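Here is a short report for a first look at this structure.

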Amino acid sequence: MLDIAASNSIVADNINQIIKERNLKQSAIACKAGFTPQEFNAMLKGRRLMRAVDIASILDVLSVDANELFKKGDD
């Protein structure tokens with residue numbers, strides 16, 4: 001069975017870090033990316049799988065490169 005939380009974890013952690021660093025509101029990012037705040041929160045908490053199309057929308061809203069979302073820690 002697919003572990004959604006593990007699957008989303010690196011991207012979700014980096015999205016949360018970017019939101020925190022930029023002092024953004026999670027609900028504002030959700031709406032701009034085309035999600036309800038509940039859907040976006042579920043993705044970040046590992047209750048809903050982040051699909052490639054979801055990640056593309058988030059990349060666009062945050063104006064970041066995909067490499068930034070998929071990087072691990074301080075490597």
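## The annotated domain

Which residues does UniProt list for "domain: HTH cro/C1-type"? The unreviewed entry gives residues 15–69. UniProt positions follow the numbering used here, feature names are shortened, and annotations may be inferred rather than shown by experiment.

This is a predicted model: local features need pLDDT of at least 70, side-chain atom pairs count only at pLDDT 80 or more, and totals for chains, interfaces and linings use all residues. Residues are numbered from 1 along each chain as its sequence is written, and side-chain values use heavy atoms, leaving out hydrogens and water.

Residues 15–69 are 69% helix and 0% strand. The end C-alpha atoms of this stretch are 7 Å apart. Helices (H or I, at least four residues) and strands (E, at least two) are DSSP runs, numbered from the N terminus.

## Helices α2 and α3

Helix α2 covers residues 26–33, and helix α3 covers residues 37–44. Their axes come within 8 Å and cross at roughly 105 degrees. The axes are lines fitted to C-alpha atoms over the stretch in contact, with angles from 0 to 180 degrees between N-to-C directions. α2 and α3 are therefore roughly perpendicular (65 to 115 degrees).

In contact (heavy atoms within 4.5 Å) are Gln-26, Ser-27, Ile-29 and Ala-30 of α2 with Pro-37, Phe-40, Asn-41 and Leu-44 of α3.

## A stacked ring pair

There is one aromatic pair (ring centres of Phe, Tyr or Trp, its six-membered ring, within 6.5 Å). The ring centres of Phe-35 and Phe-40 are 6.1 Å apart and their planes lie at 5 degrees, so the pair is stacked (planes under 30 degrees apart).

Phe-35 is buried at 9% relative accessible area (buried means under 20%, with a 1.4 Å probe and protein chains only). Phe-40 is also buried, at 0%.

Conventions:
Rings of Phe, Tyr and Trp (its six-membered ring) pair if their centres lie within 6.5 Å; planes under 30 degrees apart count as stacked, over 60 as edge-to-face and the rest as tilted. Buried means under 20% relative accessible area, exposed over 50%, partly exposed in between (1.4 Å probe, protein chains only). Angles under 35 degrees count as roughly parallel, over 145 as roughly antiparallel, 65 to 115 as roughly perpendicular and the rest as oblique.
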